[in-house]
4 protein chains.
Amino acid sequence: METEEQIIEVAEDVKRSGAKFLRGGAFKPRTSPYAFQGLHNEGLKLLLKAKQATGLPIVTEIMNPNHLDMFNDVDIIQVGARNMQNFELLKELGRCNKPILLKRGLANTIEEWVMSAEYIMSEGNENVIFCERGIRTYETFCRNTLDLSAIPALKSISHLPVIVDPSHATGLPWMVEPMSKAAIAAGADGLMIEVHNDPKNALCDGAQSLTPEQFDNVMGTVRRYAEFEGKVI
Amino acid sequence: METEEQIIEVAEDVKRSGAKFLRGGAFKPRTSPYAFQGLHNEGLKLLLKAKQATGLPIVTEIMNPNHLDMFNDVDIIQVGARNMQNFELLKELGRCNKPILLKRGLANTIEEWVMSAEYIMSEGNENVIFCERGIRTYETFCRNTLDLSAIPALKSISHLPVIVDPSHATGLPWMVEPMSKAAIAAGADGLMIEVHNDPKNALCDGAQSLTPEQFDNVMGTVRRYAEFEGKVI
Amino acid sequence: METEEQIIEVAEDVKRSGAKFLRGGAFKPRTSPYAFQGLHNEGLKLLLKAKQATGLPIVTEIMNPNHLDMFNDVDIIQVGARNMQNFELLKELGRCNKPILLKRGLANTIEEWVMSAEYIMSEGNENVIFCERGIRTYETFCRNTLDLSAIPALKSISHLPVIVDPSHATGLPWMVEPMSKAAIAAGADGLMIEVHNDPKNALCDGAQSLTPEQFDNVMGTVRRYAEFEGKVI
Amino acid sequence: METEEQIIEVAEDVKRSGAKFLRGGAFKPRTSPYAFQGLHNEGLKLLLKAKQATGLPIVTEIMNPNHLDMFNDVDIIQVGARNMQNFELLKELGRCNKPILLKRGLANTIEEWVMSAEYIMSEGNENVIFCERGIRTYETFCRNTLDLSAIPALKSISHLPVIVDPSHATGLPWMVEPMSKAAIAAGADGLMIEVHNDPKNALCDGAQSLTPEQFDNVMGTVRRYAEFEGKVI
């Protein structure tokens with residue numbers, strides 16, 4: 001998310017391709033304090049404009065429990081990988097009534113992940129969605145190693161839905177399509193895919209983003225796979 | 001592979017379900033020298049009987065270049081994970097004219113794996129098949145972490161076929177079906193699945209084996225997935 | 001930290017053995033919300049009593065930026081492994097004037113760790129101490145794999161002091177002595193060692209704690225090593 | 001090992017600095033078949049000349065059980081990391097009467113390592129030496145992560161000696177000194193350090209090698225540490 005024009009244009013594109021939610025990063029957890037940190041409150045406002053323009057519900061990441069007031073019009077609140085075991089944040093989110101998208105930590109076990117969901121649910125908010133985004137291993141071909149076995153693993157010990165983020169997991173736009181198909185085949189309930197209208201000039205995460213045209217192609221394939229699995233997008 | 005009756009019965013069962021190859025372990029690379037090491041030459045003879053009884057081509061693992069003479073009637077020679085960088089064995093196999101099934105090492109990179117295939121091919125044998133069988137990570141839910149991104153990764157840098165072994169990768173029989181579907185969706189050219197007529201009493205790897213009935217179910221699902229991908233089993 | 005008697009007794013013991021700081025856990029980041037979470041504000045009060053009784057400066061972990069008011073009499077504030085990339089917490093701590101003990105994340109790189117220190121320092125607080133506490137690997141003999149190469153690595157790219165926590169790293173009390181010696185030999189500026197007067201009945205982390213007697217022995221050895229390195233404890 | 005002059009010069013240098021053994025690579029297990037593979041039998045001959053010139057016993061790696069005849073004048077036979085679970089090679093070495101230096105596999109557990117030593121010992125050769133050379137993790141600062149906890153771990157479950165190879169473990173010459181000190185402090189019985197008279201122009205592993213002058217300095221430090229530990233070099 002960089003400018004109003006850009007975010008609304010992308011939002012309309014992905015809606016046309018069949019996206020059901022719009023995720024944008026207003027607060028961005030960057031490794032370095034000197035990297036682009038997101039547009040913060042201005043970013044949230046842009047995201048809300050895209051919501052108004054398209055009617056798509058919006059998802060965005062929270063990094064500080066004290067920011068919760070700013071998230072009133074956000075539909076789903078994301079907890080990023082680096083905060084999966086920020087237990088104070090999880091407990092605070094357990095006291096709000098919005099769905100929480102809980103990304104897996106960089107190197108967290110399935111069991112720790114389920115326990116983090118418990119931190120939210122034990123405070124009263126049972127609306128938690130797991131998001132597999134790859135784990136940290138010795139392999140460097142992809143940015144992370146996408147662990148699709150996490151899907152049946154989670155399904156065997158939890159009733160909560162599981163989605164997959166192939167963009168962050170692989171860091172390679174051409175891997176998004178095969179890994180999206182595989183995620184659906186393994187039982188995923190949804191996908192989160194990074195799209196940018198001009199990946200080469202993106203301020204952040206450009207290298208892994210699809211163009212709207214590429215996203216449209218992937219969505220076509222994914223839709224056929226989901227139907228084959230008896231699911232409706 | 002334990003007795004003649006057992007192996008032939010399983011071979012006939014899996015053939016009926018649509019298996020195209022029969023893999024059995026005659027020489028077994030066990031972590032401990034005190035664990036069951038396989039039936040060696042006797043095991044090879046049993047496997048050949050199963051081949052005669054069913055007409056299925058057979059696949060089995062070699063651990064010592066000096067054993068190559070015993071593999072005359074074997075159709076595909078497997079190099080196990082622990083020998084993926086046993087370069088002397090690879091070079092020897094590069095001088096024979098049988099297809100080599102090259103399993104990925106416990107913690108080897110895609111690049112190292114491709115280089116190990118080069119050790120075989122640079123000696124003249126270009127008939128190499130990659131087999132992804134999970135990598136070693138911190139996660140303990142499954143025995144290994146199945147890395148399905150290896151399939152498109154390999155396809156992007158090599159022309160060689162890639163198959164997947166969900167049984168060894170996950171160590172959990174109930175994970176074989178979802179991971180088999182996901183492997184096909186990610187572009188795998190084949191699957192290697194462990195079957196035992198009596199998993200609970202198996203001398204080795206029983207915990208991860210399917211019964212012939214379970215295998216038949218998985219094959220039904222996999223066949224539909226392969227057809228959906230435009231492939232024929 | 002469980003009761004006033006217990007904490008003061010242990011504090012006096014470790015002071016006698018030469019400890020220069022006293023660390024106690026008031027807020028404890030536990031994987032499960034149903035595990036003992038620490039005594040919170042009551043725990044802080046106990047720790048302050050031990051400080052008054054012994055004169056030892058105290059170190060304790062913060063998990064929520066909103067708790068900072070409670071840490072007025074704490075001498076060094078610890079950021080735990082799970083919060084190493086809780087950037088909002090780091091920035092808040094960058095605006096206070098106390099030394100920050102920054103533990104390495106479960107599976108964070110040296111570079112990410114240095115960047116997290118930058119989050120604190122870029123807000124004005126340059127008093128950061130690194131604490132190596134083992135990283136997550138496939139190996140299960142110890143709880144984590146103590147990465148002593150992190151000490152010279154950090155020294156080569158940062159001027160900040162580095163200490164080592166062999167208790168959390170190994171999870172094995174009998175490993176504390178050899179790993180403490182090795183840490184000093186590798187250039188560590190200090191050690192953080194878990195001590196409990198009754199490890200077998202501890203509410204938390206008992207299995208890895210030394211008794212005060214064992215701690216006294218380890219301190220004797222460490223002192224000789226530090227002197228050999230030309231350092232004074 | 002590249003030329004006769006070079007190897008003898010380095011051998012004399014390291015002997016003067018106090019080295020007790022000379023290791024040289026005649027057969028080199030390289031990831032790529034197109035990389036320098038060592039001088040093979042010519043390399044063994046050079047190594048023997050260095051042995052004659054200096055009187056130092058020699059250590060070199062075997063990769064193929066069929067090469068054993070060539071190793072008659074080698075004093076200690078090394079099994080490299082990639083062959084730690086080449087069980088056929090281990091069994092063959094168990095039937096010879098030379099000490100075996102067993103390097104840890106890239107990502108093998110302590111338990112698997114001890115079991116590989118059992119493969120050698122169960123055939124009759126009880127003269128096995130473990131060599132820790134770093135394990136494969138997500139961290140990329142060093143080439144591998146040196147696991148010094150392996151030393152007390154092995155000592156707790158085996159009577160066999162343990163040495164450490166800081167050169168291969170870290171891949172950084174300036175890390176050899178602190179990691180050598182730490183290894184001795186953790187209880188190591190010896191060190192294996194890479195030395196090259198002209199690291200910048202080495203055909204292989206130059207980047208991690210010390211010059212003979214640097215080695216002399218490290219040996220001085222290590223000697224003081226060993227004496228402090230009550231050991232004699």
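Predicted model: local features only at pLDDT ≥ 70, side-chain atom pairs only at ≥ 80, totals over all residues.
**Where chain A meets chain B**

Let us begin with the interface of chains A and B. On the chain A side, 29 residues take part, and they are in contact with 29 residues of chain B. Three helices of chain A, namely α5 (150–157), α7 (176–185) and α8 (212–228), each give at least two residues to the side that touches chain B. Which helix supplies the largest share of that side? The answer is α7(A), with five residues.

**How chains A and C are related**

Two copies of a chain are related by a rotation about an axis and a shift along it. Here, chain C is superposed on chain A by a rotation of 180 degrees, with 0.0 Å of shift along the axis and an RMSD of 0.0 Å. That is the relation of a two-fold axis. The residue of chain C that comes closest to this rotation axis is C:Ala107, whose C-alpha lies at 3.0 Å. As for the interfaces, 100% of the interface residues of chain C are also interface residues in chain A, so the copies meet through the same surface.

| Helix pair | Angle | Distance between axes |
|---|---|---|
| α1(A) and α8(A) | roughly 20 degrees | within 9 Å |
| α1(C) and α8(C) | about 20 degrees | 9 Å |

An angle under 35 degrees counts as roughly parallel, and α1(A) and α8(A) are therefore roughly parallel to each other. Their crossing is right-handed. From α1(A), the residues A:Val10, A:Asp13, A:Val14 and A:Ser17 meet A:Pro212, A:Phe215, A:Asp216 and A:Met219 of α8(A). Sorted by class, this contact of α1(A) with α8(A) holds five nonpolar residues, one polar and two charged.

In chain C, α1 covers residues 4–17 and α8 covers residues 212–228. Given their angle, α1(C) and α8(C) are therefore roughly parallel to each other, and α1(C) passes α8(C) in a right-handed crossing. On the α1(C) side the contact is made by C:Val10, C:Asp13, C:Val14 and C:Ser17, while α8(C) brings C:Pro212, C:Phe215, C:Asp216 and C:Met219. The classes in the contact of α1(C) with α8(C) are five nonpolar, one polar and two charged residues.

Conventions. Residues numbered from 1 in each chain as written. Chains lettered and ligands numbered in written order. Contact = placed C-beta atoms within 7 Å. Helix = DSSP H or I, 4+ residues; strand = E, 2+ residues; numbered from the N terminus. Axes fitted to C-alpha atoms, helices over the stretch in contact; angles between N-to-C directions. Parallel < 35°, antiparallel > 145°, perpendicular 65-115°, else oblique. Left-handed = near helix turned anticlockwise from the far one by under 90°. Nonpolar A, V, L, I, M, F, W, Y, C, P; charged D, E, K, R; others polar. Least-squares fit on C-alpha atoms with pLDDT ≥ 70 in both.
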